[in-house]
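Let's take a walk through this chain, piece by piece. Have the picture open while you read.

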Amino acid sequence: MGMKIPGITGSAVPPELVGARREPQAGTEARPENRGAATPEAVFSAEEVRRSAELLEQTFRLFNKKLRFSVNEEINRVVVKVLDAKTDKLIKEIPPAEIQRLIARIKETIGLLFDEQI
């Protein structure tokens with residue numbers, strides 16, 4: 001059973017995209033218990049990431065937009081490009097190209113200062 005978006009014909013959103021909403025409980029806070037401790041990063045399989053990317057692409061097609069996912073090897077980050085579906089014109093890039101260049105330059109500068117990784 002898909003979810004219909006008012007005003008958009010044929011807009012059945014796949015049920016996988018509609019998750020159960022979790023309401024915060026009274027007295028709980030949205031911050032980590034141990035402020036000084038590093039929070040563990042979520043680890044996803046390549047298949048889970050691929051499937052999630054496909055679902056996002058399907059959803060954006062409903063709004064006449066295309067998503068293009070890539071990895072910038074220089075900075076080791078995922079880059080998302082939002083494109084107009086009709087013209088393939090770039091609407092937005094996340095993170096922006098300027099930020100990607102800045103991160104690369106910072107990594108290069110750190111590499112000049114330090115030659116060993118612990």
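## Some ground rules

A contact here means heavy atoms within 4.5 Å. Helices (H or I, at least four residues) and strands (E, at least two) are DSSP runs, numbered from the N terminus. A residue is buried at under 20% relative accessible area, exposed at over 50%, and partly exposed in between (1.4 Å probe, protein chains only).

This is a predicted model, where local features need pLDDT of at least 70 and side-chain atom pairs count only at pLDDT 80 or more, while totals for chains, interfaces and linings use all residues. Residues are numbered from 1 along each chain as its sequence is written, and side-chain values use heavy atoms, with hydrogens and water left out.

## The whole chain

You'll find 2 helices and 3 strands here, in the order α-β-β-β-α along the sequence. Of the 118 residues in the chain, 16% are buried. As for contacts between residues at least 6 apart in sequence, 24% of them join residues at least 24 apart.

## Helix 1

Helix 1 covers residues 46-61, which is 16 residues. The expected span is 1.5 Å times one less than the number of residues.

Which residues of helix 1 are buried? They are A53, L55 and T59. Looking down the axis, the buried residues of helix 1 fall within an arc of 160° and so line one face; the arc is taken from the directions from the helix axis to the C-beta atoms. Strand 1 (65-72) is part of what covers them, while A46 and R61 are exposed on the other side of helix 1.

## Helix 2

Helix 2 has 17 residues and reaches 25 Å from first C-alpha to last, close to the expected 24 Å. Its buried residues are Q100, I103 and A104. They cover an arc of only 100° around the axis, so they sit on the same side of helix 2. What do the buried residues of helix 2 pack against? The answer is strand 1, strand 2 (77-84) and strand 3 (90-94).

Over on the other side of helix 2, the exposed residues are E98, R101, R105, L112 and L113. Take L113, found in helix 2 (residues 97-113): L113 counts as exposed because its relative accessible area is 63%.
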